[in-house]
Amino acid sequence: MLEARQLSFQFAHNAPLLQAVSLTLSAGQWIGLSGDSGAGKSTLGKLLAGYLAPQAGDVALDGAALPKSGVQPVQWLPQSPELAVNPRWRVGKILREAWTPSDAQCQAFGIKTKWLSRFPQSLSGGELQRVCVLRALAPAVRFLVADEISTMLDPITQVELWQALKQEAQKRQLGVLVISHDTALLKRLCPLRYHLSEGQLKQVS
Amino acid sequence: MRLVLTSQSDQPRLRAAFSLGITTLLVMGLVASQWLLGDSAQQMQFDARLAPPSIDHWLGTDALGRELWARTLAGLALSFWVGCLAALLSTLIALSLAALATLSARLDALVSLLIDTLLSVPHLILLMLIAFALGGGTQAVIIAVAVTHWPSLARVLRAELLHLRQAPYVRISRALGKTRWFVLHDHLLPHLLPHCLVGALLLFPHAILHEAALTFLGFGLSPSQPAIGVLLADAMRYLNSGYWWLGVFPGLGLLLMVLSFERLSSHLRRAL
């Protein structure tokens, strides 16, 4: 179980962004998070994945702090896949940075063998996002923070990506926090949804 | 109708390739001349002392009747090797310290302090002190130039590394369980290689100018070596006597070499 316990966060010289925010994500659970731009959705996602340290409160995985080294059980997936990959690496190397996905897993995510020898600049945003999502699904990973990962994709690619992720998450009982502005998408994917506003989480009925 | 053969983005690459070609020819000519010349730079002709430029003595001769073209070429070759080694050593120091600065905040503060301290001390004074303390000679000049020229490059590399360290793919790599060494070696350093190449090329003209300056002031290479600094210092003694070729040709040679490397590094910087 991944828990955010009374998290408070503010960037230097700015008003508090999150004020005593608590959230619990269980194995296999999908939670949706919406909110206005600048409300702190991505910040909350980064706090959960250990990319940022909270000023107050803590993030606990099964009651203990997140591990300091090794493959992190909570992985953050950013909106722009172009920034999430080393532009000097070929796609095959990027995909296998932490683990080696099977051919069946590559197929499930629509990753074609011919992409692997290319550089990321020659792939579209949607193609690259699939690579980034599969890369993050290393065996030790238990929770995902999907931060607007389908915002820049066309509707068909969006459906394909979410279907593949849903299947993999079901198989492995992954907990997923989906951050998006798209309330229709959140409704379809997540039984439990929250709206972040003025540093507070409110459950959406 | 005007035919445009190259796009705007190709121009810097073409210029860099042209500069690289010219500089490579210059360097190959210098290296080859040292094999072909043998000890011509040291051969004295007492019947042709201080001879002006002519068909027999292309760039004239010095006070001991030695051919100035041979001595200028030998001096430029010596300057080239000194400059190469000093620039390489300097770049290695800059890269190592910049990499060290990324490992912890304390090390970063220490490296920054070292950079600021060295940048605040006048270059030439420090060069003279180090070369003097090391007893002069080729080795001392290389060490002195290398030890004093790394700070500005280290500052650029450190800033670039600190920026890259926050890049999402670097942070994701750490989250995927990769070690700091892996991130430094596989993600960060390959990005710095173009910066290092341009930095080393920019350091090179500085290095040879300072080598010549140190030698001219008597703190560098031995007067028995045909270094450009030695030739220029010799020329100073005859400055008022009308023997203009003693200073003009070695000076022009040095200027040509410095300019060609300076142009190459500036074109490469735009192209990369």
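Color chain A by burial to begin: of its 205 residues, 42% are buried. A residue counts as buried here if 20 or more other C-beta atoms lie within 10 Å of its own. Keep in mind that this is a predicted model.

Along its principal axes the trace spans about 45 × 35 × 35 Å. Next, switch to a cartoon view, where chain A has six helices and ten strands. The radius of gyration of this chain is 17 Å, close to the 17 Å that the globule rule gives for 205 residues, so chain A is as compact as a globular protein of that length. If you display contacts in chain A with a separation of 6 or more, 74% of them join residues 24 or more positions apart.

Select strands β2, β1, β4 and β5 of chain A. In that order they form an open sheet of four strands, and the pairing is antiparallel. Which strands stand at the edges? They are β2 (18-25) and β5 (64-65) of chain A; each has a single partner strand, so one side of each is left without a neighbour in the sheet.

Stay with the sheet and select residues 2-9 and 56-61 of chain A. These are β1 and β4, which pair in the antiparallel sense over five bridges. For one residue pair, pick Ala4(A): its bridge partner in β4(A) is Val59(A).

Methods:
Residues numbered from 1 in each chain as written. Chains lettered and ligands numbered in written order. Predicted model: local features only at pLDDT ≥ 70, side-chain atom pairs only at ≥ 80, totals over all residues. Pairing = 2+ DSSP bridges. Helix = DSSP H or I, 4+ residues; strand = E, 2+ residues; numbered from the N terminus. Rg over C-alpha atoms; globule rule 2.2 N^0.38 Å. Buried ≥ 20, exposed ≤ 12 C-beta atoms within 10 Å, placed from the backbone. Contact = placed C-beta atoms within 7 Å.
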